[in-house]
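Hi everyone, thanks for coming. Let me walk you through the structure on the next slide, starting with its pockets and then turning to a sheet.

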Amino acid sequence: MKILIFGDTHLGKRNFKIKQREEDFENAFSQVINHALTSKVEAVIHSGDLFDSGIPSISTMIFCIKELGKLKNGNIPFFITAGSHDVGSGDSFLRVLDELGLIINVSSKKYYSRDDDAIIITGEKRNGVFVCGLPGRNNQINEVLEIARINIPKNCFRVFLFHHIISDINPLFSTLKKSCLPKGFDLYVSGHWHDFFEASYEGKKLLYPGSTERCDFREMHSDSKGFIVYDTDNNNFSFEKLSIRKSIIFEINCTNLMPDEIIEKVRKKIVKGNGEMLFFVLKGGLKGGVKSEINLYEIYELAAEMNYLFCKIYTGALENPEEKQTIVHKKSINEIEKEFFKNKGFNNKETLLAQEIINVLGSGKSSQNIEEKINNIISWLKGEMI
Ligand SMILES: [Mn+2]
């Protein structure tokens, strides 16, 4: 049995504000759906961030409904968990797709219930594949998993689906302790991390398919966007690369150059293109003049003439001559927050209160701790502010 796994498709994203980039994201999505249909997989699993926003544009909705309709006609179930981008402040378009029978959103409320101190998680089984999991937006995820109870069915292939970063990938961005994951599944699948990543858990594979297109400049360096085809008979998989628009990045050392010389150096790099995205990262310290003298518009025009989709020049790492002596003072988050609220016109007391609220809302600590802090805020409000 074959299962196709992909995620972080971010449909509707207008990368660099260019219409063609929105189409590129759709194109990548269609390639995956076509592969699912032609290679006759038993199920498709999407690891979240189907859309770039909870309420996508009408044209994005129509595109998605048409594509998912093809899978439905082919009797291929589409399992998904809501990613961090799929959820709007109110409702999400995933609910519409769910009601239309186009997707099985295993992070819908109906799959969670309480039983005394436990949270019961259920899922769905189609074509011999059982999927259950967790939604992407939940900063209490480790606590939820500690009290979660799952009745894992037998005689089927069992997948646990989520949208969180485990510390194997990056301890700094990690939101889920791998050891908290439930045991007894045949495969673990997650999204949120936009590169392919393979780990293992309890002797089973834990896979991140990565995103299907490059979502921002940081991803422009990556040349392996794709999806996973998992074979349940031998527990092996292949990573299938997608055919996506090329991006070209040049780092230009501008040390001891004048603005005119930099423009010349950049222009020489712009040979005939074929719809690629072109990036220049300028580095080093100018010999004279200032970086605002570099006419970016002139270069952008040349890139358009030479048939690039678009061109962008980053000058953030380029130093004006007088800046070389500047000592960079690293600010703490606390200082940055204070400055932010000061600029908003907050007084000292209001700033302290705002920081305390950020502290409470952003904290993933135990509910007892939060209760204590909220009580502190309330008594503060009573005594100080009113
Ligand atoms: Mn994402």
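Which helix gives the most to the lining of the largest pocket? That is helix α3, residues 93-99, with four residues; helices here are DSSP runs of H or I of at least four residues, strands are runs of E of at least two, and both are numbered from the N terminus.

A word on the source: this is a predicted model, where local features need pLDDT of at least 70, side-chain atom pairs count only at pLDDT 80 or more, and totals for chains, interfaces and linings use all residues. Residues are numbered from 1 along each chain as its sequence is written, and side-chain values use heavy atoms, with hydrogens and water left out.

Back to that pocket: about 550 Å³ of space lies in it. Among its 21 lining residues, N105, S107, S108, K109 and P135 are the closest to the centre. A pocket is an open set of points on a 1 Å grid over the protein atoms alone, where a 1.4 Å probe fits, with protein on both sides within 12 Å along at least five of seven lines, and lining residues have an atom within 4 Å of a point.

The second largest pocket has a volume of about 400 Å³, and H192, W193, H194, R218 and E219 lie nearest its centre.

Now the sheet, please. It is open, with three strands in the order β5-β6-β9 and mixed pairing; strands pair if DSSP finds at least two bridges between them. Because β5 (112-115) and β9 (148-150) each have a single partner strand, one side of each is left without a neighbour in the sheet. Four bridges join β5 to the antiparallel β6, residues 118-121, and D115 stands opposite A118 in β6.

Notes. Grid points are joined across faces, edges and corners, and a volume is the space filled by probe spheres set on the points.
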